[in-house]
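Here is a quick tour for anyone opening this structure for the first time. Have a look at the picture, then read on.

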Amino acid sequence: MLIENMKMAFSAIRINKMRSFLTMLGIIIGIGSVISIVSIGDTMRTMFADLYKEVGLTQAYISIGYWLDDVRQSDYFTLDDLERVKEVFGDEIAYIDSQSYVSADALYGRAKVKFDFQGIDYNYQDVQPVNIIYGRYLNEGDVKGRRKNVVMDVKSALQLFGVENAVGRTFRTTIYGSTDEYTVVGVYKKDLSPFQAMMMGQSDGGSAFIPYTLLTWPNDYFYAMRVYAKDDVNLDDFFGRLKVFIGRLKMRDAEDYYMATAVEEMGMMDSMMGGLSAAVGGIAAISLLVGGIGIMNIMLVSVTERTREIGIRKSLGARTKDIMIQFLTESALLSACGGMIGILLGSGLVSAVGAVLGVTAVVRPSVVLLAVGFSALVGIFFGMYPASKAAKKDPIEALRYE
Amino acid sequence: MKEEQLAEELICLEDMAKIYDTGALKVLGLKRVNLTIRRGEFVAIMGQSGSGKSTLMNILGCLDRPSLGHYYLDGVDVAGMSSDELSLIRNKKIGFVFQSFNLISRMSALKNVELPMTYARISRKAREERAEELLKRVGLGKRIHHQPNELSGGQRQRVAIARALANNPPLLLADEPTGNLDTAASLEIMELFTKLHAEGTTVVLVTHEEEIAAYTRRIIRFRDGEIISDQPNEPHRPGIAAQVEKNTDFMEGEG
Ligand SMILES: Nc1ncnc2c1ncn2[C@@H]1O[C@H](COP(=O)(O)OP(=O)(O)OP(=O)(O)O)[C@@H](O)[C@H]1O
Ligand SMILES: [Mg+2]
């Protein structure tokens with residue numbers, strides 16, 4: 001019976017191909033946009049999650065509140081503060097530094113490349129591992145001894161020296177007004193997706209790690225501490241205590257310090273994406289509603305056109321339920337077909353966007369199933385009224401209909 | 001004695017009336033009809049246009065309900081039944097043949113014949129077999145996959161008759177079954193009814209033509225919603241029909 005109904009519904013849809021297609025359009029657009037928005041949102045979310053994993057999910061920055069008017073020099077940090085924090089929270093901290101960067105031109109022969117030097121401690125490799133392909137990473141001696149050694153990105157090495165293995169080579173650069181000779185002790189490689197590169201603001205210039213003790217001097221004040229907690233630490237609790245400790249250390253209200261954690265930022269990103277999805281989802285829902293009304297309209301037309309057929313069927317013994325199911329099957333099928341076309345359209349759009357962003361965007365099977373199911377439901381819901389109108393027809397009047 | 005009589009009576013109308021309520025004015029379609037038709041009868045209903053023949057057929061066919069009185073079909077009063085109960089009765093007990101054939105277009109002859117069986121929830125295979133057999137019986141064994149618009153009027157009506165017989169109903173009703181057919185096709189259809197009657201089916205048909213009514217064994221005449229005469233008839237088939245039967249043998253010929 002069900003198969004019979006499906007066959008009948010298919011042939012009814014086929015007979016009016018153009019009309020059926022136009023009717024489906026609302027559903028096609030609705031489902032198509034739902035699919036693409038959900039899938040693009042999904043993809044973006046995983047991309048951001050990857051990005052934050054790259055940055056390190058246990059990471060936090062602490063600095064004096066940017067909203068304060070009465071910031072004194074003593075509110076900034078010194079290396080002593082850093083040492084105190086290390087002493088007190090040594091068991092919970094995986095890594096800590098003064099978050100120092102400097103941009104300067106590196107000179108080698110006639111080559112001149114603008115470099116971003118990131119000041120790091122020797123154990124930065126533990127929290128942000130890179131793949132050392134030549135030489136070695138910075139070691140404790142480099143940092144403590146404030147040696148002018150650097151670990152360079154392989155692409156930058158190629159740019160500056162024309163070779164990948166630049167270990168042992170030296171270049172000149174000017175940091176804080178003093179021009180010195182620096183030695184490459186290692187070369188690393190780090191693969192980033194185009195999206196990650198874009199989001200992490202990688203410049204066209206070179207990048208290299210340099211002992212942070214070269215950028216932050218013993219009596220310097222610096223703006224922010226960068227902390228990575230150990231993996232097994234309860235982040236909320238630890239960062240809370242850290243903030244309180246810093247407040248006391250700097251003789252400030254703990255709340256005057258600003259703390260940005262990667263987890264929070266990611267959560268914000270997530271909820272922003274969620275909000276975006278919800279907004280576009282709302283538009284899609286409206287389009288589904290309009291699509292559903294379109295289906296209802298065409299089904300009403302179809303019921304009127306086929307009044308005589310309904311009369312014949314009833315005269316042969318069709319019950320209210322039989323007629324009802326026949327028309328519901330038709331509207332559900334009409335809508336589900338629209339849904340399937342919408343899925344194809346949406347998936348196409350998603351892979352196009354994925355190609356642009358340089359990531360493989362996937363449409364989850366569960367989303368596809370949900371979309372087809374939902375569009376069929378839309379068809380059933382909006383087919384209800386026309387179908388019951390058909391089913392309630394009086395057989396004699398229906399048979400007399402011209 | 002009483003029970004036997006009941007079993008014999010397929011149709012029993014008691015003071016049955018049908019009033020059409022068209023808002024301002026009430027039209028009396030049928031007034032106080034009392035009528036009994038026994039199993040195996042072959043009845044013609046005649047009368048001028050507007051005399052209530054179709055009204056009666058619709059009630060006999062359970063497409064409509066009497067306004068007053070009772071209608072016992074097979075001993076069961078159908079007057080108070082719900083529309084779904086009536087559907088069931090139409091499906092199982094009644095085969096209806098219409099003047100305008102009423103086949104569903106875009107469905108093959110076979111599918112049309114299958115329909116009543118579909119609503120009786122008979123399996124697809126059994127349905128197809130029986131539909132094919134029925135189409136053979138009405139002489140359309142070679143036309144089972146044709147669409148209605150690929151068939152002649154007479155062939156369409158034969159499909160309709162095959163469909164009416166699908167669930168093997170005890171009662172076959174036909175409202176002017178030959179009204180849209182030429183003489184030759186009309187006589188073929190009447191031959192078919194005669195054969196079905198001979199096989200035991202109760203046949204009630206409406207006609208305007210004496211020639212058609214002549215095939216039956218009882219003729220009931222209506223005027224203004226009332227029975228004015230009800231007489232037995234000695235069936236006689238016109239010469240052409242005898243000829244049709246003699247030289248073509250169409251019913252077995254094709255199947
Ligand atoms: N649905 C209806 N609403 C109102 N009046 C109706 C309706 N159907 C039939 N009638 C009236 O009932 C009367 C009997 O009609 P019916 O159709 O039974 O006549 P008939 O004998 O079949 O005529 P014909 O030979 O032309 O088919 C007529 O006066 C007709 O106008
Ligand atoms: Mg009539």
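## What surrounds the ligand

Start with the shell around ligand 1: sorted by class, it holds ten polar residues, three charged ones and two nonpolar ones. Keep in mind that you're looking at a predicted model. That shell is made of 15 residues, and the closest of them are Ser49(B), Gly50(B), Lys53(B), Ser54(B) and Thr55(B). As for its place in the assembly, ligand 1 sits between chains A and B.

## Polar contacts and cover

Thr55(B) has a polar side-chain atom 2.5 Å from an oxygen atom of ligand 1. For Lys53(B), the distance from a polar side-chain atom to an oxygen atom of the ligand is 2.7 Å. His208(B) also brings in a polar side-chain atom, this one 3.2 Å from an oxygen atom of ligand 1.

On its own, ligand 1 has 630 Å² of accessible area, and the protein covers 68% of that. Which elements give two or more residues to the shell? They are strand S1 (9–22), strand S2 (25–38) and helix H2 (53–60), which belong to chain B. H2(B) makes the largest contribution, with three residues.

## Where the two chains meet

Now for the chains themselves. On the chain A side, 20 residues are in contact with 23 residues of chain B.

Three residues stand out on the chain A side: Leu316(A), Arg319(A) and Ile396(A). Together they supply 27% of the area that chain A buries against chain B, more than any other three residues do.

## Two residues to look up

Is His197(B) buried or exposed? Its relative accessible area is 13%, and since anything under 20% counts as buried, His197(B) is buried. You'll find His197(B) in helix H7 (residues 183–198) of chain B. Beyond its neighbours within four places in sequence, His197(B) is in contact with Gly40(B), Glu41(B), Phe42(B), Val203(B) and Arg217(B).

Over in chain A, Ile15(A) belongs to helix H1 (residues 2–15). Its relative accessibility is 39%, so Ile15(A) counts as partly exposed. If you want a sense of scale, compare Ile15(A) with Val359(A): they are 344 residues apart in sequence, and their C-alpha atoms are 42 Å apart in space.

How values were computed. Residues numbered from 1 in each chain as written. Chains lettered and ligands numbered in written order. Predicted model: local features only at pLDDT ≥ 70, side-chain atom pairs only at ≥ 80, totals over all residues. Heavy atoms only, no water. Helix = DSSP H or I, 4+ residues; strand = E, 2+ residues; numbered from the N terminus. Buried < 20%, exposed > 50% of the residue type's maximum accessible area, 1.4 Å probe, protein only. Near = heavy atom within 4 Å. Polar contact = N/O pair within 3.5 Å; in protein donor to acceptor, adjacent residues only side chain to side chain. Areas by Shrake-Rupley, 256 points an atom, 1.4 Å probe, with all protein chains shown as cover. Nonpolar A, V, L, I, M, F, W, Y, C, P; charged D, E, K, R; others polar. Contact = heavy atoms within 4.5 Å. Buried area = accessible area lost by both parts, 1.4 Å probe.
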